Amino acid sequence: MEKSEEQLMTAYQQGDANALDSIYRLMQKPLYSFIFRYTRDEQLSS
């Protein structure tokens, strides 16, 4: 079972560095899309 975003954030706050990797994987595409939508710059969005 995968952890929720809230559980991952709590784990990260408690020192679990692996939780940050999981958060990054979850948020990579949405964050890229958000930044690209406002900048229209692929390099800046990456």
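Predicted model: local features only at pLDDT ≥ 70, side-chain atom pairs only at ≥ 80, totals over all residues.
1. Residues are numbered from 1 along each chain as its sequence is written, and side-chain values use heavy atoms, with hydrogens and water left out.

2. Now the overall plan. The protein chain has three helices and zero strands, and from the N terminus on its elements run α-α-α. Helices (H or I, at least four residues) and strands (E, at least two) are DSSP runs, numbered from the N terminus. Taken along the principal axes, the C-alpha atoms fill a box of roughly 35 × 20 × 10 Å.

3. How much of the chain is buried? Buried residues make up 11% of the 46 residues, where buried means under 20% relative accessible area, exposed means over 50%, and partly exposed is in between (1.4 Å probe, protein chains only).

4. Return to helix α2 and look at its two ends. At the start, a side-chain oxygen of D16 reaches to within 3.0 Å of the backbone nitrogen of N18. After the helix comes R40, whose phi is positive, near 55 degrees, although R40 is not a glycine. R40 sits in the loop between α2 and α3 (42–45), and at 61% relative accessibility R40 counts as exposed.

5. Next, the aromatic rings. Rings of Phe, Tyr and Trp (its six-membered ring) pair if their centres lie within 6.5 Å; planes under 30 degrees apart count as stacked, over 60 as edge-to-face and the rest as tilted. A search of the whole structure finds two aromatic pairs. In one of them, the rings of Y32 and F36 have centres 6.0 Å apart and planes at 5 degrees, so this pair is stacked.

6. Where do these two residues lie? Y32 and F36 are both in helix α2, four residues apart, about one turn of the helix. An α-helix has 3.6 residues a turn, so residues three or four places apart point the same way. Y32 is partly exposed at a relative accessible area of 30%, and F36 is partly exposed at 24%.

7. One more residue of helix α2 to look up is F34. F34 is partly exposed, with a relative accessible area of 43%. The C-alpha atoms of F34 and Q13 are separated by 25 Å, and the two residues are 21 residues apart along the chain.

Note on methods
Polar contact = N/O pair within 3.5 Å; in protein donor to acceptor, adjacent residues only side chain to side chain.
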